[in-house]
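Dear colleague,

Please read it alongside the coordinates.

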Amino acid sequence: MEPIELTFPSDSDPERLDSFISRSIPEVTRSAALRLIETGFATVNGAKQKPALKLKGGEVVQVVIPPPVPAEPQPEEIPIEVLYEDAELVVVNKGAGMVVHPGAGNPEGTLVNALLAHCKDLSGIGGELRPGIVHRIDKDTSGTLVVAKSDRAHNALAEQFKEHTIKRVYLALVYGSPKEDKGKIESTIGRHPTDRKKMSAKARQGKTAVTHWRVVARYPGITLIRLRLETGRTHQIRVHMSEAGHPLLADEVYGGTGRLSGVQDPVLKQMIKSMGRQALHAKTLGFLHPVSGEYLEFDTELPPDMAGIIAYLEEKNRG
């Protein structure tokens, strides 16, 4: 198990160790970070520390993520927003901060745990750790997700994702102002050659990734962008926008932190800082019902953190 090495920036405000780890490693939640620290899988300058340790700058944090225990996830009574449900599938609006399925460092508290309590009949094709899961969105990305409740639904939906016929529309707030009003980004995306917690178009090996985008609204230093995914690679939107020079607001992994220092408005700066996640929402999901063949489309409103920033920027524009 190769350790992930993180250095706490010298110019950052003091931050708890568990918070820094969960913010820096996308697949690790705050509770998972706490467990890793308490069990000695996360150390500071080579020594075991407490989760509440305040990092002040320059500390080297090493994190070893143990492989998941191959055990069947247990149902948990966690509230979820169900948009649609029938005998074959369930569509949910996933909140930011929730991991989709159990994995390394996240044995519980996931969407799968919540769905097992809600549905009682998830498909097992995805394997014991991720029953019913056909696709994922990042822990800190909010929005629409479809889950299969039968094997035939799982197979049919997986085929639609493979053929890129699923409609997936995201909204993102990014830094800067693109020169054009719309465009297409095409590259290969794979694991970053030197930073294993990141994905990159500079990877030695990768898969084709295609993102279509257009500007929805422009504000001073910030742009609201609509993105349609043709493919669904890990961190695709975050990588494409960052490498195009327009990282997502509050995206600690792909350049959002560095750009925050350039925000002059103290109110806006605090709103971005307090998000604690990248400003990305899976707004629309459309697909053919795996059994009836009927086209279904689901649309969700922006969560309060992103909506609040947009409302503030709109108000400033009017003023």
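Helices and strands in what follows are DSSP runs (helices H or I with at least four residues, strands E with at least two), numbered from the N terminus. This is a predicted model, in which local features need pLDDT of at least 70 and side-chain atom pairs count only at pLDDT 80 or more, while totals for chains, interfaces and linings use all residues. Residues are numbered from 1 along each chain as its sequence is written, and side-chain values use heavy atoms, with hydrogens and water left out.

To begin with the second largest pocket, β1 (4–7), α1 (17–24), α6 (256–260) and α7 (266–275) each supply at least two residues of its lining, and the largest share, 5 residues, comes from α1. A pocket here is an open set of points on a 1 Å grid over the protein atoms alone, with protein on both sides within 12 Å along at least five of seven lines, whereas a cavity is a set of points where a 1.4 Å probe fits but cannot get out; lining residues have an atom within 4 Å of a point. Grid points are joined across faces, edges and corners, and a volume is the space filled by probe spheres set on the points. The volume of this pocket is about 1,100 Å³, and among its 42 lining residues S12, E15, R23, E252 and T257 lie nearest its centre. The lining divides into 11 nonpolar, 13 polar and 18 charged residues, where Ala, Val, Leu, Ile, Met, Phe, Trp, Tyr, Cys and Pro count as nonpolar, Asp, Glu, Lys and Arg as charged, and the others, Gly among them, as polar.

There is 1 cavity of 30 Å³ or more, and the largest cavity has a volume of about 50 Å³. Its lining consists of H135, I137, T144, R168, Y170, A282, T284 and L285, with β15 giving the largest share, 3 residues. A polar atom of the H135 side chain lies 3.1 Å from the backbone nitrogen of V146.

Leaving out residues up to four places away in sequence, L115 touches I80, V90, V92, K120, L122 and V147, contact meaning heavy atoms within 4.5 Å.

In α3 itself, 8 of its 9 residues are buried, and what covers these buried residues includes β7 (81–85), β8 and β9. At the N-terminal end T110 caps α3, with a side-chain oxygen 3.3 Å from the backbone nitrogen of V112. After α3 comes K120, whose phi is positive, near 75°.

With best wishes

Notes
A polar contact is a pair of N or O atoms within 3.5 Å; within protein, one must be able to donate a hydrogen and the other to accept it, and residues adjacent in sequence count only if both atoms are side-chain atoms. Buried means under 20% relative accessible area, exposed over 50%, partly exposed in between (1.4 Å probe, protein chains only).
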